[in-house]
Amino acid sequence: MPASPSTARAINDRLALRLLQQEGPLTAGQLKQLTGLSRPTVADLVERLGAAGLIAVVGEAGEQRRGPNAKVYGIVADRAHLAALDVRTEGVAVAVADLVGRVLAEASVPIAGDTGTGPALEQAVTLVERVAKEAGAERLHTVGIGAPGLVDPSSGELRDSTGLPEWHRRLVATLQERLPEAWVSVENETNLAALAEQRDGAAQDRDTFVLLWLGHGTGAAVVLDGALRRGASGGTGEIGFLPVPGTTALPTSTDCEGGFHSLAASAAVVELAAEHGFSVDASEVGVVRAAVDVVRGAVAQVGQEEAESLDGPAPAAAFLDALADRLAVGVASVVAILDPGCVVLGGEVGQAGGAELAARVRDRLARMTPLPTEVRATTLGGGAVLRGALLTARDRAQEELFEPGGVGRPDGGQGPSSPPPGRSVGLSRPWR
C-alpha cells in the first residue's frame, strides 16, 4: 500500500536529516540529487525542518554563477547537548558534545578506591554538571555511560558485580535524579569500545569481528552481522573468566583470577615484563600506565635490537613474543567458537602494542587454528569507551529528535519521550 502523505513526509524528513548528519551542510539542490526527491518536495521539507528548529541556513554555496548563491543548510547542532561518561574503578571521564557529536568540553577526575559511595557519586555527578556548564549546555538531552560489569539485557541496568565499587551501580539512578529531563543509559565499556572501533576505528570495514579489550582487566565484545551480541545474561565476552593453560588455578564464579585475566590483565603484563628483565614500578604510575609504558617501550626497542643483530638474548622481542603467546591462547578460543574473521586488540595495552604485537598474535594464531583471522591493533585505544558512549548518546538523541513525533510534538522534540526515572536503558538496535 502507498504511504500516506504524513508518513511520506516523515520518511523524507528523516532521510534529509540523516544525509545532513552524514554529509554535513548541503544545498537544496544537493539534497534533491542525493534523495531523488522533486524540487518542490525538497523545498517543502527544508521549510518544515527549519520551522521545527532542526536545520538552519549555515552559509551559501561558493559557486560562481549568475543570480543569488544557493543557501546551504545544516543541522542545528546546539538543538541538543549530550554527555558521555567513561566510568572506571579508579575514576570517571566526561565529555559533552552537541547534536552532531562535536565535543565542546571534557574532563576527568580520579576517585580513590577508599572513597565512600556517597562522596564518589557526588564527585562523578558534579563533574558532569561542571563539564556541561563549560560546554555552554543549559540542559542535557541524553547521557551515555560506559562502565565495567554486566548490563542486564531485560532491564538495561548494571548488575551487581563482585570487585566493582557500589557507586558504579548507583550512578545511573543518581544522574537521572539530578538530570530528570535527560535520557540516561548504560552499556558495558568493552561493547562501547567495539562500537567506536566499528564506526571510527580499526573495524570500519567489518560487520563481524571481536574486540579484545586489554587494559586494567580483559574483556571481549562480539559483533556478528553488524549487531552486538550480549548473551542471555549480558555476559557475552567475559573472557577474563575463560579457563586457559598457563595459570596456577581456575577462575571461580566470583573471581576471574586463574582465568585469562591472570595472563593478560595489566598486572600480569607488568609481571611478565619483570620476568624478562624490565624494571617496572607500578606504584608510581598505576598498573595500567606501567603496562602501557613497558609494552610501548618494548615495541620501540625491537627495531633497534633487529638493527643491531644481537647475538645474545633480545629482551624486548622475547617479552613481546611471550605476551603474544598468552594473548593467542585467549584469541584462539574465541576464534574456534565464533570464527569472526577479525580480532581487534583494543584498550590501552592493545594500542601500546600496535601493529608489532598484533602481527605476533596473528602469526601464532595461524599455527593454532585453520580459520583465517586478521588481527588488528586498535586505532582508538582507551579513548574508545568515551567515544562509544558519545556515539550512543548521539544516536539516541537523533532518534528522538529526527523521528516523526520529534518534529511535530508540542515541545519540538527537545526532550526525551518519557524516560523511566531512575532506570537505565541499554542499546537494543543494530549499529549499522
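Author: Happy to! One term to start: a cavity is a set of grid points where a 1.4 Å probe fits but cannot get out, and its lining residues have an atom within 4 Å of a point. Keep in mind that this is a predicted model.

Reader: Okay, how many cavities of 30 Å³ or more does the count come to?

Author: The count comes to one cavity of 30 Å³ or more. The largest cavity has a volume of about 40 Å³.

Reader: And which residues line the largest cavity?

Author: Its lining is made up of V210, L212, I239, G330, V331, V334 and V343. The elements giving two or more residues to that lining are β9 and α11 (315-338), and α11 has the largest share, with three residues.

Reader: How do the lining residues divide into nonpolar, polar and charged?

Author: Six are nonpolar, one is polar and none is charged.

Reader: Switching topic: what order do the strands of the open sheet come in?

Author: The order is β11-β10-β9-β12-β13, five strands with mixed pairing. The edge strands, each pairing on one side only, are β11 (227-229) and β13 (374-377). From one strand to the next, the twist averages 25°.

Reader: Which way do β9 and β10 run, parallel or antiparallel?

Author: Antiparallel: six bridges join β9 (residues 209-214) to β10 (residues 218-224). For instance, T218 in β10 stands opposite L214.

Reader: β12 keeps coming up. Why is it largely enclosed by the rest of the structure?

Author: Five of the five residues of β12 are buried, so the strand is largely enclosed. Buried here means under 20% relative accessible area.

Reader: Which way do its residues point?

Author: C342, V344 and G346 point one way from β12, while V343 and L345 point the other way. In a regular strand the side chains alternate between the two faces of the sheet.

Reader: What is the bridge partner of V210 in β12?

Author: V343 is the partner of V210, and both residues are in the cavity lining too. β9 and β12 pair in the parallel sense over four bridges.

Reader: And what about β12 with β13, how many bridges there?

Author: Four bridges, in the parallel sense.

Technical notes:
Residues numbered from 1 in each chain as written. Predicted model: local features only at pLDDT ≥ 70, side-chain atom pairs only at ≥ 80, totals over all residues. Heavy atoms only, no water. Pairing = 2+ DSSP bridges. Axes fitted to C-alpha atoms, helices over the stretch in contact; angles between N-to-C directions. 1 Å grid on protein atoms, 1.4 Å probe; cavity = no way out; pocket = protein on both sides within 12 Å on 5 of 7 lines; lining within 4 Å. Points joined across faces, edges and corners; volume = space filled by probe spheres on them. Nonpolar A, V, L, I, M, F, W, Y, C, P; charged D, E, K, R; others polar. Buried < 20%, exposed > 50% of the residue type's maximum accessible area, 1.4 Å probe, protein only.
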